[in-house]
Protein chains: 2
Amino acid sequence: MTDPARNTWGRDQPIGVAVLGMGNVGTEVVRILRDHSEDLRSRVGAPVVLRGVAVRNPDNDRGLPAHLLTTDADALVARDDVDIVVEVIGGIDPPRRLILAALNAGKSVVTANKALLADYTGELAAAAERNRADLYFEAAVAGAIPVVRPLIQSLAGDRVNRVVGIVNGTTNFILSAMDETGADYEVTLKEATRLGYAEADPTADVEGYDAAAKAAILASLAFHTRVTAADVFREGISKISAEDLETASALNCTVKLLAICERVAAGPGEPTVAEGGKERVSVRVYPALVPRKHPLAAVSGAFNAVVVEAENAGRLMFYGQGAGGAPTASAVLGDLVMAARNKFYGGRAPGESVYAELPIAPIGDTPTRYHVNLQVADRPGVLAAVAGEFAKHGVSISTVRQEGHGTGARLVVVTHHAVESALADTVAALAEMDSVTSITSVLRLEGTEE
Amino acid sequence: MTDPARNTWGRDQPIGVAVLGMGNVGTEVVRILRDHSEDLRSRVGAPVVLRGVAVRNPDNDRGLPAHLLTTDADALVARDDVDIVVEVIGGIDPPRRLILAALNAGKSVVTANKALLADYTGELAAAAERNRADLYFEAAVAGAIPVVRPLIQSLAGDRVNRVVGIVNGTTNFILSAMDETGADYEVTLKEATRLGYAEADPTADVEGYDAAAKAAILASLAFHTRVTAADVFREGISKISAEDLETASALNCTVKLLAICERVAAGPGEPTVAEGGKERVSVRVYPALVPRKHPLAAVSGAFNAVVVEAENAGRLMFYGQGAGGAPTASAVLGDLVMAARNKFYGGRAPGESVYAELPIAPIGDTPTRYHVNLQVADRPGVLAAVAGEFAKHGVSISTVRQEGHGTGARLVVVTHHAVESALADTVAALAEMDSVTSITSVLRLEGTEE
């Protein structure tokens with residue numbers, strides 16, 4: 001149906017698209033653009049035409065006509081017949097420069113670049129706003145799973161209290177495999193690399209940098225507050241041992257690398273929310289024990305899932321493939337159709353919303369439950385002494401289990417919610433105790449009290 | 001940040017909202033509008049002001065100033081200072097008349113009315129398009145769970161092959177309870193009514209009308225084809241017995257009322273898709289056996305979940321609260337903020353997309369797997385005779401299990417995919433066999449072959 005009042009974009013006037021980068025995702029984006037051009041035209045209202053693809057080496061055979069390939073991304077972005085730029089190169093530069101150039105020329109941008117968005121959304125969103133251009137980035141978090149759009153749009157009238165997600169497929173693959181096979185971290189990482197689930201240099205995934213960037217994006221959207229990667233407390237999975245997963249199993253839990261974004265109360269000494277003090281936002285990525293009956297525990301292999309808890313909506317969960325060429329391309333194409341429709345109908349993507357400006361709570365102030373595993377001397381009074389050390393630091397114990405072990409005993413302590421700094425002080429004090437032989441593991445516990 | 005190029009809506013110019021209906025959902029919408037006006041203002045860019053609420057009886061105390069209540073919904077919709085109309089009355093009339101009046105006056109509409117949308121989306125969408133107004137309806141399907149927006153927007157560049165959902169909380173509550181307690185349908189329905197999970201007249205829920213309306217909406221969005229409630233094959237849960245759930249358990253399955261929307265091949269005698277024939281769309285609602293390990297089997301109580309399978313995105317799942325005042329209001333408010341932002345920034349909601357115009361496949365042509373439970377005479381050759389009857393009608397058997405039962409035997413037959421008409425013919429023929437004492441149950445089986 002033609003809209004008589006729409007802007008002057010003609011029904012046959014093509015909407016030109018430039019794709020920057022032709023790795024896994026770019027290849028799939030280009031394939032879908034070419035294979036489904038009729039569907040895309042019907043859904044947009046005007047033809048969507050691929051103008052060119054910026055690549056590093058144009059001599060590789062990609063099954064594309066030579067005239068579509070270029071090494072000059074800047075010139076491609078600047079072309080008069082390019083209306084929308086899809087950036088799937090990754091990394092900060094040149095994507096930052098290219099995206100800014102596109103936005104400043106009034107072109108809309110679709111990107112899957114979590115690292116860039118985690119640090120530069122403010123700058124990019126401002127350029128989009130100034131130039132009345134769209135900036136879409138559904139593909140930056142959790143691949144094909146719609147999470148960005150639901151947070152920006154569907155929950156726009158709600159108050160999100162918490163977002164907890166498994167947003168990195170590599171680490172989830174490794175932890176799932178360790179859980180299933182009982183194998184060590186190093187062995188499992190090698191297998192993941194062999195199968196293509198981990199990159200040759202797995203640091204960004206296994207040390208939690210990738211998840212931290214996504215957590216920053218999710219927290220920004222959920223709390224209408226600008227959160228950057230530097231605001232995210234981050235621990236990776238490289239120290240998780242086969243024994244940790246054994247311990248988890250004994251507790252009917254598994255271990256997951258979680259991205260957690262939540263509202264927390266104002267800190268000690270500050271006025272409470274009720275007293276007019278501001279709430280704060282805590283954003284963190286770390287491996288944690290998750291009870292097997294929790295919905296996130298069932299998310300295995302390279303899958304992703306995000307749980308959103310909102311005041312009125314209650315608990316929502318989104319599940320699917322969080323990475324891979326075709327799934328990520330699906331999210332890119334959804335954004336591309338929306339950006340193209342906006343060109344045709346004169347609409348606009350929602351801009352950045354950071355009006356709440358909540359302060360970031362340091363990790364030391366963040367309340368979490370802990371599971372502490374100790375090797376202790378097997379003599380009377382040790383349990384009481386250990387419990388006393390927790391009490392002295394204000395950490396309340398939920399359960400203690402003592403297991404005889406011949407030469408010594410093992411204590412398994414699960415705490416109530418305690419702030420990180422209090423737990424750290426407790427652990428330091430325990431390490432000094434004569435009757436404590438060793439602290440086998442300290443794991444955070446999530447998803448136990450709802 | 002101010003957009004210098006946005007339209008002439010002023011930063012302090014209020015966006016007026018009329019709410020039609022003040023039941024469970026309307027009450028929550030009004031509460032959020034009043035309690036969170038500052039947040040809403042920040043998210044929209046301009047103040048969002050409640051102009052009035054249309055109710056049937058203005059004398060009931062609702063804690064609202066009297067001047068906000070009116071029985072004259074038409075006059076409220078027509079007010080010059082009303083820019084957005086929220087319809088949460090339900091049913092076809094007066095909502096249809098009121099929504100058309102609003103759209104024809106260029107006002108945007110947010111509705112949760114699945115029954116109306118299932119039959120009149122074409123008419124309403126055309127009015128919205130003509131008048132450059134928005135029609136949003138996220139709350140019409142699966143309450144707070146974002147499903148409508150992901151299908152319209154996030155998957156706009158993908159090809160959806162299948163949508164399967166649990167979209168009615170009442171029936172899911174009843175089936176979950178029957179599964180847990182072993183109680184009969186009638187007993188469980190009474191308990192659900194007592195607890196407020198079923199209405200005094202539960203017909204719309206238990207006979208599948210509510211789910212069928214939602215299925216029509218989902219199928220329309222997924223396949224870019226107009227599907228109305230009359231196109232949906234529908235069976236309710238009122239004939240499900242305690243014995244059916246027992247049978248399900250023995251097969252490591254449970255029973256769920258599913259809404260299934262899928263692309264199916266062109267019918268017998270028609271050219272196949274490969275030959276240039278059109279695919280068809282099958283939309284159906286019925287109780288089915290679902291393996292316990294399938295993600296939908298774990299959706300219990302009044303919760304909803306929708307699984308979407310798309311060519312590139314793969315399998316996505318959305319889970320949450322599908323009904324209730326606050327969750328549904330959350331979806332309404334999300335739409336309201338988007339409609340208000342569009343007023344302020346000059347954007348547009350995506351219109352109806354029905355370009356594909358796929359034909360609807362009759363249920364007789366739809367391939368499904370079946371579980372057939374027979375009481376048979378305990379004598380040699382019966383199994384062979386029964387199996388022969390399936391083969392004669394072209395229904396291929398996956399497994400047969402025979403259980404001795406003293407005076408007779410029980411045969412449990414699970415088929416491969418077969419079209420409904422072939423199965424119906426088979427069952428009719430089985431009923432005529434001397435050696436078949438009775439057909440205890442015929443249940444469809446979903447979610448077994450992916």
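The model is predicted. Chain A is divided into three domains: domain 1 (15-143 + 326-345), domain 2 (148-321) and domain 3 (366-445). Chain B and chain A bury about 4800 Å² between them. Within chain A, domain 1 and domain 2 bury about 1300 Å² between them.

**Domain 1 against domain 2 in chain A**

- The C-alpha centres of domain 1 of chain A and domain 2 of chain A lie 28 Å apart.
- Domain 1 of chain A puts 16 residues into the contact, and domain 2 of chain A puts in 17 residues.
- Of the area buried between domain 1 of chain A and domain 2 of chain A, 66% is on carbon and sulfur atoms.
- Three residues, A:A118, A:E138 and A:V141, supply 37% of the area that domain 1 of chain A buries against domain 2 of chain A. That is more than any other three residues supply.

- A:D335 forms a salt bridge with A:R149. Their closest N and O atoms are 2.8 Å apart.
- Between domain 1 of chain A and domain 2 of chain A, 5 residue pairs are in polar contact, both residues being at pLDDT 80 or more.

**What domain 1 brings to its side**

- On the side of domain 1 of chain A that touches domain 2 of chain A, two elements give two or more residues: α5 (114-130) and α12 (325-345) of chain A.
- α5(A) gives the most to this side of domain 1 of chain A, with 6 residues.
- By class, this side of domain 1 of chain A has 10 nonpolar, 2 polar and 4 charged residues.

**Chain B against chain A**

- The contact joins 54 residues of chain B to 54 residues of chain A.
- Carbon and sulfur atoms carry 52% of the area that chain B and chain A bury between them.
- By contrast, 23 residue pairs are in polar contact across the interface of chain B and chain A, both residues being at pLDDT 80 or more.

**What chain B brings to its side**

- Elements that each supply at least two residues of the side of chain B that touches chain A include α1 (24-35), α2 (37-44), α5 (114-130) and α6 (148-154) of chain B.
- By class, the side of chain B that touches chain A has 25 nonpolar, 15 polar and 14 charged residues.

**Strand pairing between the chains**

- β12 (residues 314-321) of chain A pairs with β12(B) in the antiparallel sense, over 3 bridges.
- A:F318 has B:F318 as its bridge partner in β12(B).

**A parallel sheet in chain A**

- In chain A, 6 strands form an open sheet with parallel pairing. Their order is β3-β2-β1-β4-β5-β6.
- β3 (69-70) and β6 (135-136) of chain A are the edge strands, and each pairs on one side only.
- β5 (residues 108-111) of chain A runs parallel to β6(A), and 2 bridges join them.
- A:V109 stands opposite A:L135 in β6(A).

Notes. Residues numbered from 1 in each chain as written. Chains lettered and ligands numbered in written order. Predicted model: local features only at pLDDT ≥ 70, side-chain atom pairs only at ≥ 80, totals over all residues. Heavy atoms only, no water. Domains from an automatic or database assignment. Contact = heavy atoms within 4.5 Å. Buried area = accessible area lost by both parts, 1.4 Å probe. Salt bridge = Lys/Arg side-chain N within 4 Å of Asp/Glu carboxyl O. Polar contact = N/O pair within 3.5 Å; in protein donor to acceptor, adjacent residues only side chain to side chain. Helix = DSSP H or I, 4+ residues; strand = E, 2+ residues; numbered from the N terminus. Nonpolar A, V, L, I, M, F, W, Y, C, P; charged D, E, K, R; others polar. Pairing = 2+ DSSP bridges.
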